[in-house]
Amino acid sequence: MKTIGILTSGGDAPGMNAAIRSIVRYATQCCGMTVYGVQKGYRGLIEGMFVELKSESVSNIIQQGGTILRSARCPEFKDPKVREGAIKNMRAKGIEGLVVIGGDGSFMGALKLSEQGMPTIGIPGTIDNDIAYTDYTLGFDTACNTVLDAISKIRDTMSSHERVCIIEVMGNKCGDLALYSGLGGGVEVIILPEQKTSVKQIVDKLNKSRNTGKLSGIIVLAEGAGCAEELEKKLSSKTTIVVRSTVLGHIQRGGSPSMQDRLLGTKFGVHAVQLLQKGIGNRIVGIRKNKIFDMDVVEGLAVKSKFDKTLYNVVKNISG
Ligand code: ADP
Ligand code: F6P
C-alpha cells in the first residue's frame, strides 16, 4: 500500500496521539507511504474530512491526551450505503487501507469496511479495558493512574473526618478500571458489575473495619455496577458511619498519557502499519503477556470477558 488513512472513533483515550504519531512516522519515514488523518471518526469518512499528515504534523503530540484527529459517534455508519459513500471518498484520495483506533463498536465499523473491500486494522483504544482479546487497551493505564490520584486525595479528607467515600468510576459494563485502581489505591471495598455485592456485605465490611480501629474508608464503585448517589443513600440508612460520594466522570478520559500508554500506542501503531504494508486487513492488534500480536476481527470480538476473579479475591482478602 502506498496511501493509508487513520481515524479515532468512539470515546477518546490517552495514548491515541502516541499511536497516531507512530503510524504517521513509521508509514512515512520507514515505508514511504502517504498518510491521511480522517477527522471526527467515521463521520469524517462520510463527509470527506481528510488531512494529509506528514512527519511534522505529529510533532509535540505524544504527551497530549485526547486525539488530534477528534473523535465522534456516528450511528449512520451502520448503514451499508453510507459506508459505500465513505469508501468512495477514501478511494478518491487514493487511500488503500485504514487504521481505526477505538473500542469494540469502532471495530464493528472497521469489520464492515473490510467486508466491503477496504482493508482495515483496529487498534484497541478505550479507558474501559473492555475488549477481552487483548490484556490491555490504550488509555486504561493512564485512567487507572487518574483514579489513583483521586483516591489518594479523597482519602486525605475521609481520614481527617473519619468518613467513608464511594468513588464512582467509568468502565461502561466492565469493572477493570475499578478493580485495578481499587487495588492500587488499597481501598476497603470494590464493587464490580462482574461480581454481585449486597448492601449488607458492604455494611458488614465497613463495620468490621471500624472494629479493628480503621475509621475511614474508600469504596470504589464501577459505573456498570450502580450509582454512587443511590448507594450513599442506602448505606447512610443502614449505618451510623458518615458516607459521601463522588462521581469522577470525564476527568478519567483526559490527561497526559502514562509511559505505559505511550509505549503501547507506539508499538500498536508500528504493528498496524506493518500489516497494511503487507496488504493485510481485517485484523485487530493487541497485547498478550507483553507481546504485540494481531488476530482476525470476528475471532477477536468473540473472545469472552477476561474478568480476573483471582485478582478480585486477592484485593478482597487483603483489604483492611
Ligand atoms: P467504541 O468504539 O468506543 O466502542 P461506540 O460503540 O460508540 O464506541 O462505536 C463507535 C462508532 O463505531 C459508532 O458511533 C459507529 O459509527 C461505529 N459502529 C458501531 N457499531 C457499528 C456497526 N455495527 N456497524 C458499523 N459501524 C458501527
Ligand atoms: O467508553 C468510554 C467511556 O468513557 C465509558 O467509560 C463511559 O461509560 C462512556 O464512555 C461515557 O461516554 P460519553 O463520553 O458519551 O459520556
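User: How many cavities of 30 Å³ or more does the structure hold?
Analyst: The structure holds one such cavity. This is a predicted model in which local features need pLDDT of at least 70 and side-chain atom pairs count only at pLDDT 80 or more, whereas totals for chains, interfaces and linings use all residues. Residues are numbered from 1 along each chain as its sequence is written, chains are lettered from A and ligands numbered from 1 in the order in which they are written, and side-chain values use heavy atoms, with hydrogens and water left out.

User: What makes a set of grid points a cavity or a pocket?
Analyst: Rolling a probe the size of a water molecule over the atoms shows where empty space is left. On a 1 Å grid over the protein atoms alone, a cavity is a set of points where a 1.4 Å probe fits but cannot get out, while a pocket is an open set with protein on both sides within 12 Å along at least five of seven lines. A residue belongs to the lining if it has an atom within 4 Å of a point. Points are joined across faces, edges and corners, and the volume is the space filled by probe spheres set on them. On this basis the largest cavity has a volume of about 50 Å³.

User: Which residues line the largest cavity?
Analyst: The lining consists of Val164, Glu188, Leu206, Ser209, Arg210, Lys214, Leu215, Ser216, Gly217 and Ile241. Helix α7 (residues 199-211) supplies the largest share, three residues. Helices (H or I, at least four residues) and strands (E, at least two) are DSSP runs numbered from the N terminus; the chain has 11 of each.

User: How do you know how the lining of the largest cavity divides by residue class?
Analyst: Ala, Val, Leu, Ile, Met, Phe, Trp, Tyr, Cys and Pro count as nonpolar, Asp, Glu, Lys and Arg as charged, and the others, Gly among them, as polar. The cavity lining therefore divides into four nonpolar, three polar and three charged residues.

User: What is the volume of the largest pocket, and which residues lie closest to its centre?
Analyst: The largest pocket has a volume of about 680 Å³. Of its 29 lining residues, Gly10, Arg73, Asp104, Gly105 and Ser106 are the closest to the centre. Helix α4 (residues 104-115) gives the largest share of this lining, six residues. By class, the lining comprises eight nonpolar, 11 polar and 10 charged residues.

User: Which elements give two or more residues to the lining of the second largest pocket?
Analyst: The second largest pocket, of about 390 Å³, is lined by 20 residues, of which Glu188, Val189, Lys205, Lys316 and Ser319 lie nearest its centre. The elements in question are β7, α7 and α11, and α7 gives the most, with six residues.

User: Why is alanine 178 assigned to its burial class?
Analyst: Buried means under 20% relative accessible area, exposed over 50%, and partly exposed in between (1.4 Å probe, protein chains only). Alanine 178 has 0% relative accessibility, so it counts as buried. This alanine is in helix α6 and touches Val169, Ile190, Leu192, Val220 and Ala222, not counting residues up to four places away in sequence; contact means heavy atoms within 4.5 Å.

User: Is cysteine 227 buried, exposed or partly exposed, and what makes it so?
Analyst: Its relative accessible area is 33%, and therefore cysteine 227 is partly exposed. Cysteine 227 is in the loop between β8 (217-222) and α8 (228-238) and touches Glu168 and Leu221, with residues up to four places away in sequence not counted.

User: Why does glutamine 195 fall on its side of the cut-off?
Analyst: With a relative accessible area of 19%, glutamine 195 is buried. Glutamine 195 is in the loop between β7 and α7; leaving aside residues up to four places away in sequence, glutamine 195 touches Phe307, Lys309 and Tyr312.

User: What puts the buried residues of helix α11 on the same side?
Analyst: In helix α11 (residues 309-318) the buried residues are Leu311, Tyr312 and Val315. They cover an arc of only 105 degrees around the axis, so they are on the same side of α11; the arc is that of the directions from the helix axis to the C-beta atoms. The face turned away from them carries the exposed residues Thr310, Asn317 and Ile318. What covers the buried side includes α6 (176-184) and β7 (189-191).

User: How do you know whether the radius of gyration agrees with that of a compact globule?
Analyst: The radius is taken over C-alpha atoms, and the globule rule is 2.2 Å times the number of residues to the power 0.38. For 320 residues the rule gives a value near 20 Å; the chain has 22 Å, which agrees.
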